[in-house]
Amino acid sequence: MASDGNDPDEVLLAGVSRGEPTAVRQLLDRRLPRILALARRMLNDPGEAEDVAQETFLRAWKQARAWKPGPARFDTWLHRVALNLCYDRLRRRREIATDTPPEQVDTGPAPDAGLMGAELSRRVEAALAALPARQREAIVLCHHQGLGNIEAAALMEISVEALESLLARGRRALKTSLADLRGASG
């Protein structure tokens with residue numbers, strides 16, 4: 001994951017640090033959809049996901065001036081910030097004790113799930129949300145964010161073998177949780 005000087009975001013970051021609106025827009029266009037999708041899948045709450053994406057980019061703007069190419073690409077750093085913010089929110093959810101259950105959030109299909117039916121999408125998202133956090137993180141990074149195992153493992157600060165173990169357990173849990181769909185589709 002070491003930077004080879006070809007971080008596709010370096011030029012845009014330089015523009016952001018100089019306050020160039022075009023650079024800000026291009027960086028948002030390039031990275032916002034993936035960060036928003038990551039937060040939606042981790043939190044299963046579109047409103048919280050938007051808050052996380054906004055906070056992630058606020059931190060990026062603050063970091064842009066000081067950003068120096070190093071061992072990680074900017075995109076990897078951005079994913080780490082978003083994941084940390086998601087985990088902060090997940091921890092806060094566990095800490096809030098209430099007598100009444102929270103309102104259910106509309107978990108309709110994400111924009112990138114156009115090919116999936118609304119019910120299938122809802123079931124998959126619910127099954128993903130039910131996974132333990134680390135398994136969900138591994139599945140989201142590798143399958144939804146398209147990161148390779150090496151990059152995802154580095155982002156999660158674990159070995160590739162540990163990542164593969166999380167992926168295997170997560171896939172098994174999803175397969176079990178969605179087993180009834182296999183019979184319905186085939």
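## The loop between α2 and α3

N44 lies in the loop between α2 and α3, and in this predicted model its phi is positive, at about 55 degrees, although N44 is not a glycine. With a relative accessibility of 24%, N44 counts as partly exposed, because the partly exposed class takes in what falls between the 20% limit for buried residues and the 50% limit for exposed ones.

The residue D45 contributes a polar contact at the start of α3, where one of its side-chain oxygens reaches to within 2.9 Å of the backbone nitrogen of G47.

Helix α3 covers residues 46-64, and its 19 residues should span 27 Å at 1.5 Å a residue.

Which residues of α3 are buried? They are E48, A49, V52, A53, T56, F57, A60 and A64. The elements that cover these buried residues include α1 (10-17), α2 (21-43) and α4 (74-95).

## T56 within α3

T56, which lies in helix α3, has a relative accessible area of 0% and is therefore buried. Leaving aside residues up to four places away in sequence, T56 touches I35, L78, V81, A82 and L85. A polar atom of the T56 side chain also lies 2.7 Å from the backbone oxygen of V52, and V52 is itself among the buried residues of α3.

## Helix α1 and its crossing with α2

In α1, the buried residues are L12, L13, G15, V16 and S17, and they pack against α2, α3 and α4. After the end of α1 comes G19, a residue whose phi is positive, near 80 degrees.

Two packed helices are described by the angle between their axes together with the distance between those axes. For α1 and α2, the axes come within 8 Å and cross at roughly 135 degrees, which makes α1 oblique to α2. The crossing of these two helices is left-handed. On the α1 side the contact is made by L12, L13, G15 and V16, while on the α2 side it is made by A23, V24, Q26, L27 and R30.

## The loop between α7 and α8

Where does E157 lie? Its position is in the loop between α7 (149-156) and α8 (160-177). Phi of E157 is near 60 degrees, which is a positive value in a residue other than glycine. E157 is exposed, with a relative accessible area of 68%, because a residue counts as exposed when that value is over 50%.

## R169 in helix α8

R169 lies in helix α8, where, at 37% relative accessibility, R169 counts as partly exposed. How far apart are R169 and Q135 in sequence and in space? They are separated by 34 residues along the chain, while their C-alpha atoms are 7.1 Å apart.

Key: Residues are numbered from 1 along each chain as its sequence is written. This is a predicted model: local features need pLDDT of at least 70, side-chain atom pairs count only at pLDDT 80 or more; totals for chains, interfaces and linings use all residues. Side-chain values use heavy atoms; hydrogens and water are left out. Helices (H or I, at least four residues) and strands (E, at least two) are DSSP runs, numbered from the N terminus. The expected span of a helix is 1.5 Å times one less than its number of residues. Buried means under 20% relative accessible area, exposed over 50%, partly exposed in between (1.4 Å probe, protein chains only). Contact means heavy atoms within 4.5 Å. A polar contact is a pair of N or O atoms within 3.5 Å; within protein, one must be able to donate a hydrogen and the other to accept it, and residues adjacent in sequence count only if both atoms are side-chain atoms. Axes are lines fitted to C-alpha atoms, for helices over the stretch in contact, and angles run from 0 to 180 degrees between N-to-C directions. Angles under 35 degrees count as roughly parallel, over 145 as roughly antiparallel, 65 to 115 as roughly perpendicular and the rest as oblique. A crossing is left-handed if the near helix is turned anticlockwise from the far one by less than a right angle, and right-handed if clockwise.
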